[in-house]
Amino acid sequence: MMDHAHDLVSVRDATERLLVAVGTLDNAAVTESSRLPGWSRGHVLAHLARNADALVNVLEGRPMYASAEVRDADIERDAPRPLDVHLADLRESGTRFQETGAAPADWSRTVALRNGVTDTASRVPFRRWIEVELHHVDLGIGYELADLSAEFTERETEFLAARFAGHPDVPATRLTDGTHTWHTGRTADAPEVTVTGPPAHLLGWLAGRPAGTDALTAEGGPLPTLPPL
């Protein structure tokens with residue numbers, strides 16, 4: 001069972017950490033490239049604000065986004081804004097998400113996300129936590145995968161391993177950081193590949209953040225290429 005109340009606190013703390021870090025930037029830094037191809041830091045910040053509102057929609061039973069086109073257009077519209085506007089939007093949208101999460105609700109209910117994906121409501125705060133933490137790293141302003149908490153890293157690794165489980169294009173893969181073990185990829189009696197490395201690097205590989213994959217070792221075959229998230 002997901003502890004949505006615990007995760008809401010984690011989202012709040014991660015958001016505050018993000019706001020403090022972004023608050024040290026200036027308007028010029030917001031226009032510079034992020035680590036996501038084709039996106040400036042402003043694009044990442046705009047996406048984070050609109051994602052908070054989108055997850056409010058999910059929790060309140062509305063479509064996550066009106067359409068993929070509207071989602072993309074909103075990010076493009078908001079990306080060039082000055083730093084102070086980004087900060088206010090991030091704080092206000094984050095507050096709306098927290099207020100929605102604090103309202104009495106049936107957290108066992110099924111909710112609809114994007115592209116036909118469904119989940120239980122109790123997992124939505126964790127999904128928001130993922131967005132805030134990974135995109136903080138994507139900003140390239142000094143917060144790295146290795147700075148993520150052990151709890152978050154372990155849970156997100158498990159979450160992403162489950163996402164690729166059974167995928168026919170991913171070989172049956174065993175992942176280990178020397179302490180924990182996960183399995184992903186297509187179903188097989190035994191793993192075809194074993195990937196070993198530090199927790200942050202395993203998470204980065206699963207999350208499509210390739211920096212640091214040279215710290216991973218693959219036995220039984222090359223490091224598998226994962227589908228985009």
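A charge is said to sit over a ring if NZ of Lys or CZ of Arg is within 6 Å of the ring centre and within 35 degrees of the ring normal. The close-up views below are taken from a predicted model.

**View 1. Arg155 and the ring of Phe126.** The charged end of Arg155 sits over the ring of Phe126, at 4.3 Å from the centre of that ring.

**View 2. Arg71 and the ring of Tyr65.** Here the ring belongs to Tyr65, and the charged end of Arg71 sits over it, 5.7 Å from the ring centre.

**View 3. The aromatic pair of Phe126 and Phe152.** A pair of aromatic rings is described by the distance of the centres and the angle of the planes. The structure has four aromatic pairs. In the pair formed by Phe126 and Phe152, the distance is 6.2 Å centre to centre and the planes are 50° apart, an arrangement classed as tilted. This pair links distant parts of the chain, with Phe126 in helix H6 (residues 124–138) and Phe152 in helix H7 (residues 150–164), 26 residues apart. Phe126 and Phe152 are both buried.

**View 4. The cluster of aromatic rings.** Phe126, Trp129, Phe152 and Phe159 are linked into a cluster by ring pairs.

**View 5. The surroundings of Glu156.** Glu156 belongs to helix H7. Although Glu156 is buried, it has no salt bridge. The nearest side chain of opposite charge is that of Arg209, 6.9 Å away, whereas a salt bridge requires a side-chain nitrogen of Lys or Arg within 4 Å of a carboxyl oxygen of Asp or Glu. Apart from its neighbours within four places in sequence, Glu156 is in contact with Phe126, Ile130, Leu134 and Leu203.

Definitions and conventions:
Residues are numbered from 1 along each chain as its sequence is written. This is a predicted model: local features need pLDDT of at least 70, side-chain atom pairs count only at pLDDT 80 or more; totals for chains, interfaces and linings use all residues. Side-chain values use heavy atoms; hydrogens and water are left out. Rings of Phe, Tyr and Trp (its six-membered ring) pair if their centres lie within 6.5 Å; planes under 30 degrees apart count as stacked, over 60 as edge-to-face and the rest as tilted. Helices (H or I, at least four residues) and strands (E, at least two) are DSSP runs, numbered from the N terminus. Buried means under 20% relative accessible area, exposed over 50%, partly exposed in between (1.4 Å probe, protein chains only). Lys and Arg count as positive and Asp and Glu as negative; His and the chain ends are not counted. Contact means heavy atoms within 4.5 Å.
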